[in-house]
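Here is my note on this model. Please read it with the coordinates open.

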Amino acid sequence: MSETTSKSSLGAWGQRLLAAIFLGGQVLVHLLRIRIHWRNTKEQMAAVGPDSLFIALLTAIFVGAVFTIQVAREFINFGAGNFVGGVLAVALTRELSPVLTAVILAGRVGSAFAAEIGTMRVTEQIDALLMLRTDPIDYLVIPRVLACCIMLPILTLLSLVTGLLGGMLIATNLYGIADTVFLDSARNLLGLWDILSAMIKAFCFGILIAVIGCSWGLTTTGGAKGVGQSTTTAVVTALLIIFVSNFFLSWLMFQGPGSALIKGM
């Protein structure tokens with residue numbers, strides 16, 4: 001019985017994932033036709049950006065501090081304390097800032113998208129929009145996709161700066177590394193491509209979070225219980241897709257022998 005239920009759940013999840021891929025294609029087509037509700041887009045940008053800023057920055061400052069604690073002692077023991085700032089900057093820029101910021105938004109914003117649109121689906125508000133000849137993709141989905149694509153790179157950049165600040169506070173106060181040494185190391189090891197790669201990753205993650213959240217909301221059935229299940233599954237799916245896509249993006253962007261440390265020497 002449990003095995004049958006598991007297979008059924010996996011099949012339903014696969015169908016909803018295919019529906020999310022199809023929705024992503026529809027969003028692209030509609031964007032090419034420039035069908036954008038700017039008022040809804042501004043409202044969603046406020047929800048995605050400023051409302052998520054505090055938790056994103058708070059997470060970033062502690063991530064930067066913890067990373068420095070783990071790295072600084074070992075680097076100092078090997079006589080490479082002047083590389084601590086650069087290593088933290090590279091790690092935050094290439095991986096930690098875009099991924100962790102996306103994880104935060106998947107939990108906070110992706111779940112909200114699924115819950116809001118799912119509630120509209122089960123209460124037949126989506127059907128009412130169709131009766132009024134309003135396309136739900138134009139009115140509901142595209143503003144959320146644009147909001148995530150615009151605000152997630154900005155949040156990622158702010159998280160990067162905040163994470164470096166948290167790491168510098170730990171490096172200077174606990175390990176005696178001068179702030180000028182820390183910042184010079186970060187500047188020497190970081191390249192323009194590192195920052196661009198973080199923005200590209202954040203942009204892609206924003207698309208995934210919005211499309212998955214909206215798609216799971218649009219395919220919600222079963223009343224209040226269905227809304228809860230859609231919200232939970234949307235978050236789990238978004239996290240899974242973020243980690244998988246991050247692997248492929250990193251492989252495409254940074255495969256081959258690294259040169260950051262050599263450049264900074």
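Which helix gives the most to the lining of the largest cavity?

1. The answer is α4, with six residues in that lining. The model is a predicted one, and the points below should be read that way.

2. The structure holds one cavity of 30 Å³ or more. The volume of the largest cavity is about 70 Å³.

3. Two helices each bring at least two residues to the lining of the largest cavity: α3 (50–77) and α4 (84–122). The residues that line the largest cavity include A56, T59, A60 and V63. L92, L96, S97, L100, T101 and I104 are also part of the lining. S159 belongs to it too.

4. How many charged residues does the lining of the largest cavity have? There are no charged residues in it. The lining has seven nonpolar residues and four polar ones.

5. Now to G163. This glycine lies in helix α6, which covers residues 136–174. Is G163 buried or exposed? G163 is buried, because its relative accessible area is 0%, and the cut-off for buried is under 20%.

6. What does G163 touch, leaving aside residues up to four places away in sequence? Its contacts are A60, I61, G64, L88 and L92.

7. G163 and T59 are 104 residues apart along the chain, yet their C-alpha atoms are separated by 8.3 Å.

Definitions and conventions
Residues are numbered from 1 along each chain as its sequence is written. This is a predicted model: local features need pLDDT of at least 70, side-chain atom pairs count only at pLDDT 80 or more; totals for chains, interfaces and linings use all residues. Side-chain values use heavy atoms; hydrogens and water are left out. Helices (H or I, at least four residues) and strands (E, at least two) are DSSP runs, numbered from the N terminus. Buried means under 20% relative accessible area, exposed over 50%, partly exposed in between (1.4 Å probe, protein chains only). Contact means heavy atoms within 4.5 Å. On a 1 Å grid over the protein atoms alone, a cavity is a set of points where a 1.4 Å probe fits but cannot get out, and a pocket is an open set with protein on both sides within 12 Å along at least five of seven lines; lining residues have an atom within 4 Å of a point. Grid points are joined across faces, edges and corners, and a volume is the space filled by probe spheres set on the points. Ala, Val, Leu, Ile, Met, Phe, Trp, Tyr, Cys and Pro count as nonpolar, Asp, Glu, Lys and Arg as charged, and the others, Gly among them, as polar.
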